[in-house]
Amino acid sequence: MDSRLIGIALLGSTGSIGTQTLDIVRQFPDRIKVVGLSANNSTKLLSSQIDEFKPKLFNCPSLSSEMKNDKLNGSKHCSYEDMVTDKDVDLVVTATVGDIALLPTVLALKSGKNVALANKESIVMAGQLLMDIAKKNNSKLLPVDSEPNAIWQCIRGENQTLSKLFITASGGAMRNMTDQEKQKVTPALALKHPTWTMGPKITIDSATLMNKAFEVIEAKWLFDVEWDQIEVVIHPQSLIHAMVEFEDGSVKAQISPPDMRLPIQYALLYPERMQNPQLGKFDPVKTGSLTFESVDVNQYPCFSLGLDYGRKNGTWPAVLCGADEVAVESFLKGKIKFVDIPVVIKETLVTHNPLFETKLEDYLEAAEWARNKAEEIIN
Ligand code: MG
């Protein structure tokens, strides 16, 4: 292959980040080659993606065994293990939701592949472990999530100690709502994010600010800073995605309209920046003012829970992820109220017996335990 051509394996190709990743591939077909596509349920969309991108490999656990044996347009069905370690893959994009990305991320890093990390749970659950594996195997974790991606852009070319990281949060769909109003929030309302268009799980996590707690944990591991060096600020315009303060007090910010395709493109084409006519431009005069507020922790109980238990490390963050997954899903199905999400998570956390000398399986088991426990609490 042309050395400028990057071979990618895309896990979660039919979801929000997956389809936007393929938008970037469409823009740069001579730079990015899809080697593997993986999806769980949306078989129709996956098969049209296979027709369009003609990957060498695909993975879809829900397909019938006859269909798996058929070569779909020349593509061969394989396990995700075989896909992420394939010799033609340079970069694995993890665009799935939940802890399903953890094992493939570990396998990819161990075989020396870089991982463009769009999945939060894997690094939240096993941050230290992933960073250690990457270091040992000379592979890299490249953040796709817009805030860590913005930090990565800000520190580019800097050989300086970071003194502080500011992560911005829009405040989500329920910012400025009273407690009474929050009691009545429906899934449809909570799914209306003010600035970003994302999948349902992350949109609800943005409304509770659990997503922001996850991003603090993510940044802690990716950029090797102390917990107290990371500050979250509400920035309703979602134009500045993160800011980095250096030791001399100088602060760099990354600014761009809220569109996930920019951080995806940055991670895929790194270190190159290339023109993409699809991406909007920042207009300072049209924008007028950029505003910032501190986070009112009383308004966002999930945020405090996320930070408190993220810091504790061990299997705690895995339990946080597992409980959050079930709580959010139950809210979306109308089984619990929006305000019950932190209650379910907290009740799950307080019954957990953590492990601290941990290996990969412990994180997965803790998340599974938390899902079952949260289900039990809800029922
Ligand atoms: Mg984000």
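Let us start with a term: a donor here is an N, O or S atom within 2.8 Å of the metal (3.2 Å for Na, K and Ca), and because water is not among the atoms, sites may look incomplete. The model is predicted, so local features need pLDDT of at least 70 and side-chain atom pairs count only at pLDDT 80 or more, while totals for chains, interfaces and linings use all residues. Residues are numbered from 1 along each chain as its sequence is written, and side-chain values use heavy atoms, with hydrogens and water left out.

With that in hand, look at the magnesium ion. Its protein donors are Asp145 (OD), Glu147 (OE) and Glu215 (OE), at 2.0 to 2.2 Å. Along the sequence, these donor residues follow the spacing D-x1-E-x67-E. Glu147 in helix 7 and Glu215 in helix 11 (residues 210–223) are 68 residues apart, so this pair links distant parts of the chain; helices are DSSP runs of H or I with at least four residues, strands are runs of E with at least two, and both are numbered from the N terminus. Glu147 is buried, at 6% relative accessible area, and Glu215 is buried too, at 1%. Buried means under 20% relative accessible area, exposed over 50%, and partly exposed in between (1.4 Å probe, protein chains only).

Seven strands form an open sheet in the order 4-3-2-1-5-6-7, with parallel pairing; two strands pair if DSSP finds at least two bridges between them. Strand 4 (76–77) and strand 7 (141–143) are the edges, each pairing on one side only. Strand 3 (residues 57–59) runs parallel to strand 4 and is joined to it by two bridges. Within strand 4, His77 is the bridge partner of Phe58.

A cavity is a set of points, on a 1 Å grid over the protein atoms alone, where a 1.4 Å probe fits but cannot get out; lining residues have an atom within 4 Å of a point. There are two cavities of 30 Å³ or more. Helix 7 (146–154) and helix 12 (261–269) each give two or more residues to its lining, and helix 7 has the largest share, three residues. The second largest cavity holds about 40 Å³. Thr43, Leu46, Ser47, Leu63, Met67 and Leu72 line this second cavity, with helix 2 (residues 43–53) giving the most, three residues.

How values were computed. 1 Å grid on protein atoms, 1.4 Å probe; cavity = no way out; pocket = protein on both sides within 12 Å on 5 of 7 lines; lining within 4 Å. Points joined across faces, edges and corners; volume = space filled by probe spheres on them.
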